[in-house]
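Please look through the model below with its sequence alongside.

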Amino acid sequence: MIDAKAPATAANPTDDEAEFTSAYEKEGVADLDPRCIPHDLNGDPPIGDEIAPPTYPQGDHETWNFLFNRQMELLPGRASETYLEGVKKLGLSNNGIPALRDLSRVLERTTNWQVARIPGLLHERDFFRLLAERKFPSTDYIRGKEELDYTPAPDMFHDIFGHMPTLTQPAFADFYQLFGKAALDAKGVDRQSLERFHWFTVEFGLVQDPAGYRIFGAGIMSSKGEVLSALSDEVEHRPFSPEGVINQDYDVWHLQPIMFVLESFEQLVEEFEGWAKSRKLL
Ligand SMILES: [Fe+2]
């Protein structure tokens, strides 16, 4: 089962009329949960210091603290050093929900990214445009207590705890901007390739650390089940290559059986750029 918040994606990469069908609509989740229908961005979302922190009920802080403690307990020996350093740089803790504008300042200082506060799932073009501008789209509301193990809808625990720590790593940060740029005008089979790239790196990627394979993908980080499964024998670990990921399909409904392992984040940015140029996307 996943906890990966993908942008809206094409129902069929060759069908332009289906362009604004989200992965959740495609899978029928949106019929069950309206939070999975992409939002229209009316104008530019607030960025960095423009983001006013909401006042959260104490129960929301408790949810954050519970999820933070539960995941952090599992991460030593499983999460990449880069990720764990990112958690420290961002100052994430079990002391309540952090403010997006504070996190944005850290990203700005470390890799020149900023945070954009968004209302929920975005249409993919808005999502890619923000990435291309080095702005990370994040929600600022948290899942309900009945959804601690899984929520089909975007929420700030996934966006912050899952995604932001690795965005403090320079090569990964450059890769993610290039990804946004490449995706902006991609069509047909390239859209499907980019969706798979995103899935097998940003959401479910592993990286080779000196001590062994380690997790950095956001879809793993924000899911207890995926963290426990990712490095086990239940998962087939393959060396990362652009050809490998773009030719590998995936199923969003089950624990992931196949993951790709990067040699380094430098490998990711170099090989993604080479592939995107070969497809004339950059
Ligand atoms: Fe995500």
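A residue is called buried here if 20 or more other C-beta atoms lie within 10 Å of its own, exposed if 12 or fewer do, and partly exposed in between, with the C-beta atoms placed from the backbone. The model is a predicted one, in which local features need pLDDT of at least 70 and side-chain atom pairs count only at pLDDT 80 or more, while totals for chains, interfaces and linings use all residues. Residues are numbered from 1 along each chain as its sequence is written.

Helices (H or I, at least four residues) and strands (E, at least two) are DSSP runs, numbered from the N terminus. Helix α6 spans residues 124-132, and its buried positions are Glu124, Asp126, Phe127, Phe128, Leu130 and Leu131. These buried residues pack against β1 (114-117), β2 (135-138) and α8 (170-184), where contact requires C-beta atoms, placed from the backbone, within 7 Å. After α6 comes arginine 134, with a positive phi near 60 degrees.

Strands pair if DSSP finds at least two bridges between them. Strand β3 (residues 206-209) runs antiparallel to strand β4 (residues 212-215), and four bridges join them; the two form a hairpin with two residues between them. Within this pairing, leucine 206 has isoleucine 215 of β4 as its bridge partner. β3 also pairs with strand β6 (residues 258-262), in the parallel sense and over two bridges, with valine 207 standing opposite leucine 262 of β6.

Glutamate 270 lies in helix α13 (residues 265-278), and it counts as partly exposed because it has 14 C-beta neighbours inside 10 Å. Although 96 residues separate glutamate 270 from aspartate 174 in sequence, their C-alpha atoms are 9.9 Å apart in space.

Note on methods
Contact = placed C-beta atoms within 7 Å.
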